[in-house]
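Biologist: Could you take a close look at one part of this protein for me, the run of paired strands towards the end of the chain, and tell me what packs around it?

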Amino acid sequence: MKKWKRSFISAITLISFAVILLTGCWDYRELERRAIIVGLGIEELPPERFAGKEMRMYQVIVQVVEAASASGQMGMGTQTGQQPKGYTNFIFKTPSIANGIEQITTQSDRFPILSHLQMIAVGEKVSEKGLNELFDFFSRFPQMRRHTEIIMTTGPITEYFTIPSVSEPTPSLHIAEITDSVQKTLIMPESNLGTVSKSVRSNTPFFLLTASINKRKQIVINQATVFQNFKKMGILSKNDIQNLSILHGEIERGVLNFPCYAGKKVGLQILKGKNNIRPTMKNNRPHITFQIELDTELMEYQCLGASFDKPNQLERAERIYSDILEKRLHKTIETLKKKYKADVFRLTTRLKNHPDMYKQIRKQPKTFFEQLTIDVNVDLKIRNIGDSLKTPHYKLKK
């Protein structure tokens with residue numbers, strides 16, 4: 001046989017084997033046979049005794065997105081005129097998160113997948129008892145993702161997994177989108193599994209954005225909960241959250257409001273920001289100076305009769321708002337330092353290049369914050385005032 005014929009036959013044989021291998025996947029599983037988990041809710045139940053020992057019990061809510069919804073078959077199994085749901089909730093009573101998820105296979109005959117988990121919600125009771133057992137599962141389970149949002153909820157946790165949304169039929173995805181939007185557009189701390197893990201490793205407090213349901217049955221996020229050693233320490237208001245985010249250096253965007261007169265406001269949109277700390281010892285006591293630089297633009301100015309037609313007028317406004325923000329931040333610092341005596345300011349990781357102070361904050365955090373004095377310097381610049389140099393006059397002409 002000629003050489004070219006042998007080469008041709010060999011090539012055909014290799015192609016045939018390749019085609020056979022590409023015709024299917026040995027571990028292929030139909031999408032409808034998978035329970036794609038997008039939301040997880042955990043609340044504390046009264047303990048029960050097993051083998052003479054008291055065990056914590058949890059109510060676990062697992063929200064599974066329905067694959068049929070995406071394929072246009074949402075109408076199957078529903079009455080005419082009804083809007084079918086794009087999800088299924090499974091609710092279990094269990095001493096173990098893993099055991100609760102495993103029960104999905106017994107109730108739905110579907111294989112649970114956690115790699116698409118978007119949101120974890122923990123209830124008030126479990127946050128007071130402690131998140132240590134839950135965190136062990138979340139940090140250890142191979143399918144978990146670091147950017148999964150984790151929040152705390154007030155009131156019955158089951159309500160959060162049934163509230164409908166105009167834009168998103170699956171409640172868990174709706175809450176995850178709200179949480180992500182709040183963190184990106186407002187001055188709010190990150191509240192995901194990766195951020196929590198980082199704080200746990202450094203043995204510093206962490207924050208979870210806290211959701212509530214208003215009278216119109218809408219989900220609102222305007223608070224945060226402080227945790228230390230996996231237990232709830234307290235609640236932060238929206239103003240405290242914003243001030244802490246600036247002190248943490250998490251200044252990407254957001255709106256700062258300042259008073260004008262008679263309830264009127266000035267709104268400044270943050271364009272970018274920078275936060276540096278200057279540690280030193282004063283009178284044998286630790287001292288930190290926060291040096292904050294903000295670039296903003298004027299988005300609303302309700303101070304009627306004002307004018308920016310001269311450079312010194314803009315400079316005067318910058319000084320006024322820098323001073324107001326300095327006082328706000330200093331007030332928040334003193335209040336939280338006295339209340340928590342812990343590193344809610346995330347100084348631990350920023351003091352590694354200062355051995356003496358780092359050693360003290362690691363070994364004696366309570367003493368460190370009792371002795372700590374803090375200064376705040378704010379340099380706020382207004383880079384853009386819009387298309388108008390003047391605001392309307394106080395009195396309208398008849």
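**A close look at the paired strands**

Modeller: Let's start with strand E10 (residues 254–259) and strand E11 (residues 265–282), which pair in the antiparallel sense over 6 bridges. Strands here are DSSP runs (E, at least two residues), helices are DSSP runs too (H or I, at least four residues), and both are numbered from the N terminus. Two strands count as paired if DSSP finds at least two bridges between them.

Bear in mind that this is a predicted model, where local features need pLDDT of at least 70 and side-chain atom pairs count only at pLDDT 80 or more, while totals for chains, interfaces and linings use all residues. Residues are numbered from 1 along each chain as its sequence is written, and side-chain values use heavy atoms, with hydrogens and water left out.

Back to the strands: Asn 257 stands opposite Gly 267 in E11. The hairpin of E10 and E11 has 5 residues between the strands, and Ala 262 takes a positive phi near 50 degrees there. Follow E11 onwards and you reach strand E12 (residues 285–301), joined to E11 by 16 bridges and running antiparallel to it. That hairpin has 2 residues between the strands, with Asn 283 at a positive phi near 55 degrees.

Now zoom in on Thr 296, which sits in strand E12 and is the bridge partner of Ile 270. Thr 296 is buried, with a relative accessible area of 0%; buried means under 20%, exposed over 50% and partly exposed in between (1.4 Å probe, protein chains only). Leaving aside neighbours within four places in sequence, Thr 296 is in contact (heavy atoms within 4.5 Å) with residues including Leu 268, Ile 270, Leu 380 and Ile 382.

Leu 380 turns up again in the largest nonpolar core, which has 62 residues; Leu 256, Ile 288, Phe 290, Ile 292, Phe 345, Leu 347 and Leu 380 have the most contacts inside it. A nonpolar core is a set of buried Ala, Val, Leu, Ile, Met, Phe, Trp, Tyr and Cys residues joined through side-chain atoms within 4.5 Å. Helix H10 (residues 311–340) gives the most to this core, with 7 residues. The core draws at least three residues from each of domain 1 (31–66 + 86–236) and domain 2 (251–397), with bounds from an automatic or database domain assignment.

As for Phe 345, its contacts beyond four places in sequence include Leu 244, Leu 247, Ile 333, Leu 336 and Phe 369. Apart from this core lies another, of 32 residues, among them Ile 37, Phe 92, Ile 101 and Phe 230.
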